[in-house]
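Hi there,

Here is the structure I promised to pass on. Have a look at it first, and then read my notes below.

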Amino acid sequence: MRKMEFKMERTGLLTIGQEVTVTESQLPTSYYYTIVPAVAMSKNYPAYQRLKSRTGKVLEIEENPRGYYALVEFDEESINEE
């Protein structure tokens with residue numbers, strides 16, 4: 001299992017336990033992920049850390065001085081077995 005943090009601009013866009021789908025976008029030297037329909041975005045990841053799964057589950061939602069964040073868990077282990 002892999003956990004990734006996504007930044008949201010406001011609260012109420014996701015709920016704990018919600019299944020989400022992400023899209024991958026490429027930059028010149030890295031990749032980032034967006035929860036569909038564009039409610040939250042990940043940090044940039046180098047190519048060797050690319051996400052293999054496109055669906056995940058929201059584990060927690062946190063508010064801190066930097067904003068709102070959702071922790072999403074992806075099951076990449078079942079992808080490797082195929």
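**Strands and pairing**

Strand 2 (residues 19-26) and strand 5 (residues 55-64) run antiparallel to each other and pair over three bridges. Strands and helices here are DSSP runs, numbered from the N terminus, with at least two residues (E) for a strand and at least four (H or I) for a helix; two strands pair if DSSP finds at least two bridges between them. In this pairing, Thr21 sits opposite Thr55 in strand 5. Strand 5 also pairs with strand 6 (residues 67-74), again in the antiparallel sense, over eight bridges. There, Lys57 faces Glu73 of strand 6, and a hairpin of two residues connects strand 5 to strand 6.

Before you go further, please keep in mind that this is a predicted model: local features need pLDDT of at least 70, side-chain atom pairs count only at pLDDT 80 or more, and totals for chains, interfaces and linings use all residues. Residues are numbered from 1 along each chain as its sequence is written, and side-chain values use heavy atoms, with hydrogens and water left out.

**The nonpolar core**

Which residues touch the most other members of the largest nonpolar core? They are Phe6, Leu14, Tyr33 and Ile35, out of 17 residues in that core. Strand 1 (2-8), strand 2, strand 3 (31-35) and strand 6 are the elements that each give two or more residues to this core. A nonpolar core here is a set of buried Ala, Val, Leu, Ile, Met, Phe, Trp, Tyr and Cys residues joined through side-chain atoms within 4.5 Å. Buried means under 20% relative accessible area, exposed over 50%, and partly exposed in between (1.4 Å probe, protein chains only).

Arg2 belongs to strand 1 and counts as buried because its relative accessibility is 16%. Its side chain reaches the backbone oxygen of Gln49 at 2.8 Å.

**Salt bridges around Glu24**

The whole structure holds three salt bridges, each defined as a side-chain nitrogen of Lys or Arg within 4 Å of a carboxyl oxygen of Asp or Glu. Glu24 makes one with Arg50, whose closest N and O atoms are 2.6 Å apart. Arg50 lies in the loop between strand 4 (40-42) and strand 5 while Glu24 lies in strand 2, so the pair ties together parts 26 residues apart in sequence. Glu24 is partly exposed at 26% relative accessible area, and Arg50 is partly exposed at 35%.

Glu24 forms another salt bridge with Arg54, with the closest N and O atoms 3.3 Å apart. Here the two residues are 30 apart, with Arg54 in the loop between strand 4 and strand 5. Arg54 counts as partly exposed, at 29% relative accessibility. Through shared partners, Glu24, Arg50 and Arg54 join into one network of salt bridges.

Best wishes

Terms used: A polar contact is a pair of N or O atoms within 3.5 Å; within protein, one must be able to donate a hydrogen and the other to accept it, and residues adjacent in sequence count only if both atoms are side-chain atoms.
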